[in-house]
Amino acid sequence: MVNVDGDTHYWPTRMLDRVTHPGKGEVRIHDGAADYIRDGKAIWERIPESRWSLENRYAIMDQEGFDLQVLIPDNRPLPYEMEPDLGCELAIAYNDTVAEDIAEYDRFIGVAWVYLPDIEASVREVRRTVEELGLQAVKVMGAFGDLHLSDKRLWPFYEEVERLDIPVLVHPVAGVAQNRFFATDTRVANRPDLLGVGALGLPFEYMAEIARLVFSGVFDEFPALRVGFFEGGAGWVPFLMNRLDHSMLRGHEIEPNPRQTLHQGPETLLRKPSEYFEQIYVAAVSWEAYLPEILALWPNHNVIIGSDYDHGDAIATWPRTIEGLDNIPGLSPEDRRKILSDNASRLFGFDRHPERLPSGRARTSPTPA
């Protein structure tokens, strides 16, 4: 059994050395931390060394009981709100650097970042990262502008991802998600009416995007596509499955017809909405004490777990993620194994491509950032 921490964050600061675009900004390292300056503004301050040092992660992994970490590209230095030339160059630089870094280790799952606003470039880059660099997933940041994850403009991207047999990992910026639903200014931290809004942004975003993915026919068009959603917890999943199923048009004594949606008439869905959740993976948080009840409502669940290393927000549970999971009353050994190991293995395709499982690499010191 290989325990997988499905949500940790990584940003190798030295990736900027590969970028020639004048708008790339600069990193200033002092007192063991780094500041990222772009366009004369601090994009990110006091970045801890743990964000770019892989060697420093081993002690935490061993303390937690995780064998592998999934390295999800950090949000703040890699947004979509930049000019395309810079975005595409940053994507290539990030992916090259991560592939170079993890080649020295046997405990990390590399995830590509693509500048999704340039869809053609994203298709080329995800192909390169898997076939040439050996990365094992691609991260996207959810909806942006007028483009949602269900948009047909993204279908060439999904086609390539499905061919490569890697998952899409969805991890938006929390502030963007909450602004989409609550129109709040996330910079205002002392207003009582805004407290807790950050906790709702991601699950609300995910419910809306999953509904779009289901009803748009994305999962019918790409039946092998696997999509993971992070830092929104898992408690909302049975509600959404039930709600989507019962949105199907039906009479008083007629079962839902998966080919018809409420108020829309005939559709092309091949299955009930809840059945598409076999292609959807959700990262639970180990303080979700109701998890056994959630899993009873989703018996063939695709729940994984993530620590959010090395963030310090409410979602972050390191270094006691597995301990928290084990303290949940009523969680069966079978579900524990699925959450920690088996579901992640299916998400990343290790069950079909065992050669992709990180193993047998020399554990040496990482290249300095």
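Which residues line the largest cavity? They are Asp7, Glu231, Ala283, Ala284, Val285, Gly306 and Ile315. This is a predicted model, in which local features need pLDDT of at least 70 and side-chain atom pairs count only at pLDDT 80 or more, while totals for chains, interfaces and linings use all residues. Residues are numbered from 1 along each chain as its sequence is written, and side-chain values use heavy atoms, with hydrogens and water left out.

The protein has eleven helices and 14 strands; helices (H or I, at least four residues) and strands (E, at least two) are DSSP runs, numbered from the N terminus. Of its 369 residues, 57% are buried, where buried means under 20% relative accessible area, exposed over 50% and partly exposed in between, with a 1.4 Å probe and protein chains only. Among contacts with a separation of 6 or more, 72% link residues 24 or more positions apart, a contact being heavy atoms within 4.5 Å.

Rolling a probe the size of a water molecule over the atoms shows where empty space is left. The search uses a 1 Å grid over the protein atoms alone: a cavity is a set of points where a 1.4 Å probe fits but cannot get out, a pocket is an open set with protein on both sides within 12 Å along at least five of seven lines, and lining residues have an atom within 4 Å of a point. Grid points are joined across faces, edges and corners, and a volume is the space filled by probe spheres set on the points. The structure holds one cavity of 30 Å³ or more, and the largest cavity contains about 30 Å³ of space. Its lining divides into four nonpolar, one polar and two charged residues. In this count Ala, Val, Leu, Ile, Met, Phe, Trp, Tyr, Cys and Pro are nonpolar, Asp, Glu, Lys and Arg are charged, and the others, Gly among them, are polar.

The second largest pocket has a volume of about 280 Å³. It is lined by 13 residues, of which Arg38, Ile43, Arg76, Pro79 and Glu81 are the closest to its centre. Six residues of this lining are nonpolar, two polar and five charged.

The backbone has several features to check. Most residues other than glycine have a negative phi, and most peptide bonds are trans. Asp31, in the loop between strand E2 (26-30) and strand E3 (33-38), has a positive phi of about 55 degrees although it is not a glycine. Asp31 is exposed, with a relative accessible area of 72%. Arg46, in strand E4 (residues 41-48), also has a positive phi, near 55 degrees, and is partly exposed at 46% relative accessibility.

The loop between strand E14 (303-305) and helix H10 (321-326) contains Asp310, which a cis peptide bond joins to Tyr309, with omega about 0 degrees.

Helix H11 covers residues 333-348, and its 16 residues should span 22 Å at 1.5 Å a residue; the end C-alpha atoms are 22 Å apart, which agrees. The expected span is 1.5 Å times one less than the number of residues. H11 bends by about 50 degrees at Ile339, the bend being the angle between axes fitted to the seven residues ending there and the seven starting there. Ile339 is buried, as are other H11 residues including Asp335, Lys338, Leu340 and Phe348. Just after H11, Gly349 takes a positive phi of about 80 degrees.
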